[in-house]
Structure formats: C-alpha cells, structure tokens
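The sequence and structure come next.

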Amino acid sequence: MAPRRPPVTALAALLVALALAAPPRAAALLAPPGMPCPGGRVLTRADLEAGGARHLRDVLRLAGLDAVTVDGYDVEPVVAWGLPSAARLRVLVDGAPAAAATSLEPAGFEALPVALGEVARVVVCPGPGVAGGAWGGPWIDVETAPPARHAYGAVDYGNETGDPGPDRYLDRSLPNVDHWGPDAEGALVAPWRSAGGGAAWAVLREHRLLPTDTAIAPRVFAAVAPDRYPSRVLRTAAAALDAGGVRVRAGGRWGDDLPHLAELGREMPTSRRSVQASVSAARGAGPVALRGHVAAARFSLDRPAWGRLPAPLGWTETRLDAAVSARAGRLAAGVQAEHTAASGPGLTDGAVGAGRAWAQVGRPARRLTVQASVSESALSVGGAAEVARRVGPAQLRLTLAVDRTPPRPGPALWARRGYAGLDVPGRPALDAGPPRPTSLALARLGAVVERGGARVEASVEAQGARGPILRPALVPGGVAVGGAFRSVEAEGVTIVARAAASGGAGWLALRASATARGALVGDDAFALAWRRLPAVRGRVEATVRPDERLSLHAALSAWSGAAWTGYPEPDVPSAVVLNLALGKRAWGDRLRFAVTARNALDARERTHPLGAVLAPRLFARAEVRL
C-alpha cells in the first residue's frame, strides 16, 4: 500500500492564515501567574524533596516527561513534538544552554554542572516559544539559587533496578549473591557573598553505579575485561558566580562509564572527559531589556583499556552557542548561532553549524513570532501565532506554529560523513541515507480554569510532521544485540489530548494528569515511531506536609503498552506503578533523611525492549550538612 502523505505544507499555510485573521479582542493571559509558558509544568525545590528526588535525572520522572531507560540510570527523554526521538529536548541552566551529553549518546542529566541542592525550580515547557536565545521547541530550564554555605555527604542504599534474585552479580569471586548496593554522593557548597549582593559557589559530587541487572548483565560483562567489574564511577565538579546581573558557570565531568548506545544496540565501555562553561547576562538600557549568553563545551570519549568491544570510539566534540536578544514594549528580537566541531575515526567532515534570527510582536494575549534559520543545507522560515481570550471562568489560548529545522548532529549524520568509531566486525553499518530536515505544523487549543487554590487545564493539539527517523533491524548475536539501523523519512499527523487538575488545602496537595495520543494518518514509518510511546498515560499524586520538616509523597502512574518493531522482543508492557517517598529534617536542617520506594506494587515496569524489568526498589538516604 502506498504511504498516505498528509498535506503538511497546506496545513502550515492554513495555520498562518487563521492566526492573521484572529479577532483583536483578547484579555486572558497565555500563561497563569508563576508559569513562564503555556501548558508547562513547574517543579519547586519543595516538590523535588517531597517526591524523593535523589539525582538530577529524577527531575524527568517527577515532571512526567516521556522517557525511556535501559539500565535504570540513564534516562533519555523521548521528545514527542512532531516525531518521537527526532529532536532532542533543549536543556538550559538559568536560561543558558547546558551540555548534558555528546550527540552520540543518551541526553542524560547527570553531566549538568548543577547540584540538586542548588535547584530552585525546574520549568518544563512544551513549546513553541523563546528560550535560551532561540525560538522552538520543547525545553527544560533548571533555575538555580545560591544555596546556603555547607558541606554535605550523602549515602543511598538501594538498587536502581531492584533485587532480581539469587543470580544477581556482586563480584566475579562472589557469584549468585543477592546485592542491594550503595550509591554515594558528596558536595561542597561554599558561597561567598559580596557587598553588592553577588555570590559564588562550588559543587563536587561522585556517583558509583552498578549496571548489572540480569536483563543487561550478559551484554555488560561481555563488554569488559574478565578482571574488571562493570561499575560506572563518575565525578562532576562545578562552580558558579552570580554578580550584577552576570552569571558565570563552569563544570567538568570525568570517569569510567558504560552508557547504552541505541545505534550500537548495547553498552559501550567509555573513558569520559568533558568541560563546559557559560556566561549569561541581563541588562537594561532605558526602555530596552537586553539578554545574552555565550556557552562552550568539549567532550572526549575514548575506548578504555578495560573495554573488550572492538569499536574504536575515539570521539571528541566541541560545541559553541551564542545568542543576544532585546525586548522593548511590544517588540522583541534576537539572534542565535551554534557550531559543532567533531573528530573521530573515519570522519571526513566534523563541522555542523546553524544560525537563527527571530522577531516577535504583541503582548502575551496576542503575539506573532517569525523565525528564519540557515544552515549548510537549507534556509527555512517558521513562526507561531498565539491568541488568548477569556470565556467565562476559562482562559482559552490558541497556538498555531510552523517550523523547519535542519538535520541535527547525531549518529546518522556522523555515519553519513564516514565516522567508524561505532563499527563492530560482523555488524552491518548504519545506513544513514541523505540528510533530511524536519518540518512541523502544529495547532493547539488549551483552556485553564482557576478557582481559589484549584486549577484545571486541558488542551488538544494536532501535529503534522515530516522528517527522518531511525528504524532498527536488530538481531540477536550471542550475548549482544546488534544490527542495521536505517534512516528513513516519516510523515503523518498526530492528535494529542492532555488534561490536568491540581489543588489542595493546608497540609495536603493533590495533582492528577492524563494524556492520550496517536497517529491519525501517516506512512508506516510514522506509525511505527509513535507506537513506541504509550498511547495513554495517567498520573495521580498527593503530598502531605504536616510541618515544614516532614513530607510524605505518593504517586500512582499508569501507562498503556508500546511496540518497538524491529527489536527481538518488541513489546513493552503496560503498567501501574506506585512510588512512595518520606522525607524528614532534623537538628536545624543539618540532618536529612529520606526513604523512597519505587514500584511498590511490583508491576512489570519496563520502558525499553532491551532494558531491565525494574523490580520494586527501596532507597534509604542519609545526608549530613555542616
């Protein structure tokens, strides 16, 4: 059957026409007070503590984002804005870009130069909008605040994947021993406050992780030397300076790692080194408000002596990002440029760059944004129209957007340019195909009703998209899984409906949310990509705070099954998962205790066809702050 090709171009033209013809009367806010973007989610520091957050990656879980994990450690967001996994979630720290990973690997959060204790709030926005100096697509902004001076050490005891039973590996000399292992973290936070109100602080942390769940242990042990236990030992150092509207942040990460690389179909032994830095500033010049940033990052991934895989890896990647914007009354404009330079075995051209310019006119109740972007392969124009209106007690908002983004740096692009660092003898090479941009047309209608301390919101959106996705053709190969990946173009239209309600009284806070989505029309590649995401997802959570030093949190999440066609075991089951958390402070907040239980109902929790079935997990955390 010939693929059904939705008229994405015609849909985009219709959306722009509707936006320009919108009535001028509008009085509602596009985003409620305290919410910097429509349809977004804000997590405060208190929310993170009550939800049992132990690492930065827990932010993704508490925010309810679609994400998958293979080993229980790395959590990869699956950005479902048009095409799942076609574009990465933009990660910002205090409004400036932050490098979470290279373009070869999962975009986890642990590499960010931020300590969990300095996070003031986390803003999750579905987009489109302006953030990090650029206009576009979903993003997450980790906003920090100078923490109080302290040194702390914390020890977690538990298991990220649960205790799988008597075949759990502890050490080569002690096989078949049940093991719930420790996970340690330490930090030194030392701010020095100036007379002008500025501050500086530094953070150190170390994580020791054991990716040896029985579902992945055969691959992991086969990838390392016989005398090497496959642990992940990673250290992160960061420092920040905030003074006079200028913020400087720098950080580095180093250690031995075992990330799962999707294109390789298995874990890759890696010696990791990275450094990054950013400078951002905000200034006022009369009626004009100026903002800008410069960010740079350099990564190095090498094959360590203890690695047994023949893939040479040998990857270095440098990123530069700069932006400046100005706002005066109803007008705003900005420019942003980014450049990536990479090198590795066989790579013939490691340079990728793009520049963007955007202009915005209007107020939040009625706003029009236009963007132009240029890259080595294409010149494209996009934009959005936003209109808001109050109808009775409801605040309605309509967002119409079109976008066309150039091919992003990733394994497909680098393989097309000859990179052979992931080649394994006997494994077919990645079939990258020609470079393809991603086109998107989006229409979203949302409503918000607020009464007292209660809030109800709902939205429905149609997304028309065309762009490249990777289709796997994995086959079992001994203890490993490997095979060919093909980059193919997918096209289709998706319908997404969301609803959420929140409220509370006194010491009780409640929130419930639900999402339903699916491919309405499209070709086979488009339908297969969307089947990797649960069609229905819901979450109910409650937080009880009898006093400022005690919190209890419960979250019941449910999602439907998914299918990853092309994998040996493609079906990912539906699940109902209960997570519980208890937090307590004592001795003037110097002592902090937390107990977290995940998957307390012993559901079959699995998010990736090559990943572990995450059994019930129990964590106990003790933290001392001096």
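W315 counts as buried, because its relative accessibility is 0%. In this predicted model, W315 belongs to strand β19, which covers residues 315-328. Its ring is paired with that of Y419: the ring centres are 4.7 Å apart and the planes meet at 65 degrees, so the pair is edge-to-face. An angle over 60 degrees is what places a pair in that class. Y419 is located in the loop between α5 (411-416) and β25 (438-451), so the pair ties together parts that are 104 residues apart in sequence. Y419 is also buried, with a relative accessible area of 7%.

In the whole structure, three aromatic pairs are found. Another of them is formed by F526 and W530, with 6.4 Å from centre to centre and 45 degrees between the planes, a tilted arrangement. Both residues are in helix α6 (residues 524-530), where they are four residues apart, about one turn of the helix. F526 and W530 are both buried.

| Arginine | Ring | Distance to ring centre |
|---|---|---|
| R228 | W306 | 4.3 Å |
| R590 | W587 | 5.2 Å |

In the case of R228, the charged end is the part that sits over the ring. R590 lies over the face of W587.

The next topic is nonpolar packing. In soluble globular proteins, nonpolar side chains tend to be buried together. Here the largest nonpolar core contains 24 residues, and L48, F109, L112, V119, V122 and I140 have the most contacts inside it. At least two residues of this core come from each of α3 (58-63), β4 (90-93), β6 (119-125) and β9 (139-144). The greatest contribution is that of α3, with four residues. Another core, of 18 residues, lies apart from this one; among its members are V488, A525, A529 and L610.

What is I140 in contact with, leaving aside its neighbours within four places in sequence? The contacts of I140 are V59, L60, L89, R90, V91, L92, F109, V122, V123 and V124.

Is E461 buried or exposed? E461 has a relative accessible area of 2%, so it counts as buried. Its side chain makes a polar contact of 2.7 Å with the side chain of R444. A polar contact of 3.1 Å also joins the side chain of E461 to that of R498. Not counting residues up to four places away in sequence, E461 touches L442, A443, R444, T494, I495, V496 and R498.

Two backbone angles remain. L313 is a residue other than glycine, and its phi is positive, near 60 degrees. L313 is found in the loop between β18 (288-302) and β19. With a relative accessible area of 2%, L313 is buried. D602 is not a glycine either, yet it has a positive phi of about 60 degrees. The loop that holds D602 runs between β34 (591-598) and β35 (617-625). D602 is exposed, because its relative accessible area is 54%, whereas L313 is buried.

Key: Residues numbered from 1 in each chain as written. Predicted model: local features only at pLDDT ≥ 70, side-chain atom pairs only at ≥ 80, totals over all residues. Heavy atoms only, no water. Core = buried A, V, L, I, M, F, W, Y, C linked by side-chain atoms within 4.5 Å. Buried < 20%, exposed > 50% of the residue type's maximum accessible area, 1.4 Å probe, protein only. Contact = heavy atoms within 4.5 Å. Polar contact = N/O pair within 3.5 Å; in protein donor to acceptor, adjacent residues only side chain to side chain. Phe/Tyr/Trp six-rings, centres within 6.5 Å; stacked < 30°, edge-to-face > 60°. Lys NZ or Arg CZ within 6 Å of the ring centre and 35° of its normal.
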